[in-house]
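Please work through the following exercises with the sequence and the 3D structure at hand, trying each task before reading its solution.

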Amino acid sequence: MHSSHSRRTPAAGAALAAAALAVGLLAPTVHAAPAPPAASIPAAVSAPDIPVANVKAHLAQLQQIANANGGNRAHGRSGYKASLDYVKGKLDAAGFTTSVQQFSSSGATGYNLIADWPGGDTSRTVMAGAHLDSVTAGPGINDNGSGSAGILETALAVSRDRLKPDKHLRFAWWGAEELGMVGSRYYVNSLGTSDRSKISGYLNFDMIGSPNPGYFVYDDDPALEKVFKDYFATLSLPTEIETEGDGRSDHAPFKNAGIPVGGLFSGADYTKTAAQAQKWGGSAGKEFDACYHASCDTSGNIDDTALDHNSDAIAYALWQLAGGTSAR
């Protein structure tokens, strides 16, 4: 910073200072009272940008896990448990309270991972969830490493921001979704009526990085739908109502139990129309994800832009819905 001063010779300046000192004129400089430290001022709660490179780093880890465990991360296979251990380790280190819920399906033990961020009103809990299992045919990096990594990195951003939400925040990674939402159904069925009533909303993220992506928003609950549409409006990105996955993912058990649900989806094996390609880019006449449930659903089967926008949308929704203050 450059500031201007009138010019004075060094000797004259020294003489003036000495004279002022002699008559006590150089009183201590008076400053306005210091502002209170930033930590004591509630920060406006604006969602952070979720670094897509971090989300992709989680996907690379899930790919490595699949590579080391027979090419998949399916229920009852070693790759699933290794995936769960990876996610749990990240959350434990970030200060979440984690619990692993066990269930049985198709003769094998399944696992749900639940992670609670300390604080917030537990009678008003906002949940975000994604299924962590793949099909046996491949590593399942878009379906559903993408949703799993997106909510993981958002959870880690909660920790980085030292968010103090008004509502309680809970994240979940479901097992055996590919066998019929087994893990999420087990979780919802394990809740008593009063515990169900404490969940003010459940947000589901199943495939958010499709390589020929669409931008689909669940329309099951108007308030939750609006939060996501508001976010995409800030990007001038049009959305459509999600219909392909209705009843086919982990929001279904929550919805059936009377819990408000919302979520995002980038498309599976439906075909992108010419009108959709015009507004979203990509290839008309091709599936949103040609590698859906196939061995080619690898870390190369991801559209970075869709993954980035959807991960940021997850954070925006959770910060809006949970409220509170941040030390960021």
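**Exercise 1.** In this predicted model, by about how many helical turns are Glu225 and Lys229 separated in helix α7 (residues 222-234)?

*Solution.* Begin with the positions: the two residues are 4 apart in helix α7, so Glu225 and Lys229 are separated by about one helical turn. Next, look at the side chains, where Glu225 forms a salt bridge with Lys229, the closest N and O atoms lying 3.4 Å apart. Finally, turn to accessibility: buried means under 20% relative accessible area, so Glu225, at 13%, counts as buried, whereas Lys229, at 38%, counts as partly exposed.

**Exercise 2.** Find what the side chains of Lys226 and Asp230 form, and state how Asp230 is classed by accessibility.

*Solution.* The side chains of Lys226 and Asp230 meet in a salt bridge, with an N to O distance of 2.8 Å. These residues, too, are 4 apart in helix α7, which means about one helical turn between them. Asp230 has a relative accessible area of 30% and is therefore partly exposed.

Definitions and conventions: Residues are numbered from 1 along each chain as its sequence is written. This is a predicted model: local features need pLDDT of at least 70, side-chain atom pairs count only at pLDDT 80 or more; totals for chains, interfaces and linings use all residues. Side-chain values use heavy atoms; hydrogens and water are left out. A salt bridge is a side-chain nitrogen of Lys or Arg within 4 Å of a carboxyl oxygen of Asp or Glu. Buried means under 20% relative accessible area, exposed over 50%, partly exposed in between (1.4 Å probe, protein chains only).
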